[in-house]
Each structure stands twice: as structure tokens, then as C-alpha cells.
Amino acid sequence: MRRASSFTSTILSRTLATVHDGGVVNLHPRFLRVALFYSSGTNNSYKRRCWFSTVLSSFSKSSAQAVSLGLAGAFASVVTAASVYAKEPTPAELMPKDVVLYQYEACPFCNKVKAFLDYYDIPYKVLEVNPISKKEIKWSDYKKVPILMVDGQQLVDSSAIIDKLVEKILPKKTINSVADEDEETKWRRWVDNHLVHVLSPNIYRNTSEALESFDYITSNGNFSFTEKITVKYAGAAAMYFVSKNLKKKYNITDERAALYEAAETWVDALNGRNFLGGSKPNLADLAVFGVLRPIRYLRSGRDMVEHTRIGEWYSRMEKVVGESSRIKA
Ligand SMILES: N[C@@H](CCC(=O)N[C@@H](CS)C(=O)NCC(=O)O)C(=O)O
């Protein structure tokens, strides 16, 4: 069997040995031999993987992304947006002064936080973490992303980060009723416990989709040139097999059907409302939107919009969230 350098193997194992609370995978050694065809076999540190450090990111609304995907139309619709749906302004005195997000551009949890920051127009800097060395977060005891620094305070875990931000900038947040609050909580949990698990098997469904995803990840992530090349091809191959394992773990037989079902479930939850929050998005709307953003313009996301009723809500969300409040370096 052909073998590549241990460097390749190390990069692969470390890149793929990332974990998220939602899509943890235990890799069977036999599976790894096939998936990690190029492995030197000396590294047995393959642990578990984050579907996404494997994955993509928010096809936010940057023109570069839109153009690269031939989505100028979608971009234009974002521009007309602001006039139709108004954002909720954050009072100036509550606006944090210095916000830094440590992230992987493709991470669904990071994108969930970004959707919140963008919607509330909170300016933030982004520090892209190298998923292999993680040197950018060496200073922290917490070894995952997102990490959000807010005026010197470290916040971790996407849902906890959002709760903390709500406390800070929306101290008078009024929810119409306990029922509304319960509904919002229920669907935020659904995002973390169900929706994120459906995404991974979809974006690595076959070799071409796995390559498309890794092309996105390596183009947008913080990788050295060598890492980029290695991770793109070897990572795509490995994740193709990982996604098969994920399907088993989460009892998914047909990944596309599961994705469409999740999208339809969400539209049913809207029950004719523009947003789950009614006339404005609530935290559940922002969470669903955030985790879907990285896949929206990949093959799986395009299929989802084509084959389900989620497109209209998604477009409304794009419009109301509007331009990113990220501070360009
Ligand atoms: N529950 C956490 C999960 C965060 C998470 O699992 N992040 C992944 C990226 S998607 C991670 O950093 N994994 C560890 C790694 O990459 O080494 C959250 O909601 O923020």
C-alpha cells in the first residue's frame, strides 16, 4: 500500500481529530485504514472528529464568495434587504467596545455566534484559528472554538456565549410569553442536538461533495500552503468515510432525506410566521440560520433550498441579518 509522509498523516490526524459536542465520531481502525489511505500508520492518535473542522463556513455575503459561486443574484437581494426588514438596534451604551472571535471560518457553532453579532450590529474582529496547530488559542484552557473575547472577558460555547451577550446587550429583552420563550429554547436545542448532526453526512455525501466542502474549508481557513493541499485531498477522502460512520451513529439512512426533513420540520415550526420570533427573528431563527450559512451555497444547501420550503425563510434571514458587522483587518 502506498504511503505518504508521516507529515501528511499527522496533518490529517490532527485536522480530523477535532471534536464538537454535536457530531463526535469514533473512527474504527479498519475504517481509518481505508479512509486514511495515505497514512504512515505510525500515528494512532485518530480520535474523533468535528464534522466541520472538516467543514465549511458561512457563505456570508462577501462579494468574493458570491462571485466564486456565481451567486451575484443572491448578493443583490441582500442589498435590497435592509429596507424591508429592520434589525434590532443595540443601544450605544450597551455596545461592547472590543469583541474578538476566535473561530474556524467553517464551524457551524462559530457561525451561530456570528449570526447573532451580525444581526445586532456588534462590531467584531475575527482571529482565524489554525485547526492543526491551534496556536492562536494556546493562551486559553478551552481548546475549542468559538471563543469570544468581550472587553477582555473570555466567553466559550456558542449557546452560552449568546446567552451572555443577550444579558449584556439586551437586558430588557422582552419575550411575549413563557410559551414563546419555551418555543425559542426548544428550537435552539434542536439546532445543537439534531440539525448539526444532519449537516455533516450531507456535505461529505460523495467524493465530489466532500471535495467541494474541503475546497471551501481550505480556501477560507487558516492553513499553510502545504497544509492546504494535503488537507484538501486527504481530508476529503477521509471525511467521505467519516460521514458514513456519522450516518450510523445518528441513525441516518438517507442523508438528503434527513436534511430535507429537518428543513421541513423547521418550516412547520414557523407555522406561517415570517420568523419563529414572529415579525422579527428570535435566537432560534438566528441559530438555525447560523449553522446553515456554511452549507447554503454548497451542493447540499442548494439541494435543500430546491427541494424544501425553507428558501423563503432563509432569504428573509439573509435580508434581516444584512451585512456582516465584522471588522475587516
Ligand atoms: N458546544 C460547543 C461545541 C464547539 C465545538 O465543538 N467546536 C469544534 C469546532 S466545530 C471544535 O473546536 N473542536 C475542537 C477542535 O477543533 O479541535 C459550542 O457550541 O460552541
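The helices (H or I, at least four residues) and strands (E, at least two) are DSSP runs numbered from the N terminus.

A quick word on the source: this is a predicted model, in which local features need pLDDT of at least 70 and side-chain atom pairs count only at pLDDT 80 or more, while totals for chains, interfaces and linings use all residues. Residues are numbered from 1 along each chain as its sequence is written, and side-chain values use heavy atoms, with hydrogens and water left out.

## The sheet

Two strands count as paired if DSSP finds at least two bridges between them.

Let's walk through some pairs. Strand β1 (residues 99-103) pairs with β2 in the parallel sense over four bridges, and V100 stands opposite K125 in β2. Strand β3 (residues 147-150) pairs with β4 in the antiparallel sense, also over four bridges. I147 has V156 in β4 as its bridge partner, and V150 stands opposite Q153 in β4. Two residues sit between the strands of this hairpin, where D151 takes a positive phi near 45°.

Buried means under 20% relative accessible area, exposed means over 50%, and partly exposed is in between (1.4 Å probe, protein chains only).

## Loops with a twist

The loop between β2 and β3 holds P146, which is joined to V145 by a cis peptide bond with omega of about 5°. Over in the loop between α5 (108-119) and β2 you'll find D121. Its phi is near 55°, a positive value in a residue other than glycine. At 38% relative accessibility, D121 counts as partly exposed.

## A bent helix

Helix α9 (residues 225-249) has 25 residues and reaches 34 Å from its first C-alpha to its last, close to the 36 Å expected at 1.5 Å a residue. That expected span is 1.5 Å times one less than the number of residues. Where does α9 bend? At G235, by about 30°; the bend is the angle between axes fitted to the seven residues ending there and the seven starting there.

Just after α9 comes N251, with a positive phi of about 60°. N251 lies in the loop between α9 and α10 (255-270), and counts as exposed at 72% relative accessibility.

## The core and the whole protein

The largest nonpolar core has 82 residues, and F116, L148, W266, L292 and W313 touch the most other members. Such a core is a set of buried Ala, Val, Leu, Ile, Met, Phe, Trp, Tyr and Cys residues joined through side-chain atoms within 4.5 Å. Leaving aside neighbours within four places in sequence, the contacts of L148 include V99, L117, L155 and I161.

Zooming out, the protein has 13 helices and four strands, and buried residues make up 54% of its 329 residues.

Conventions: Contact means heavy atoms within 4.5 Å.
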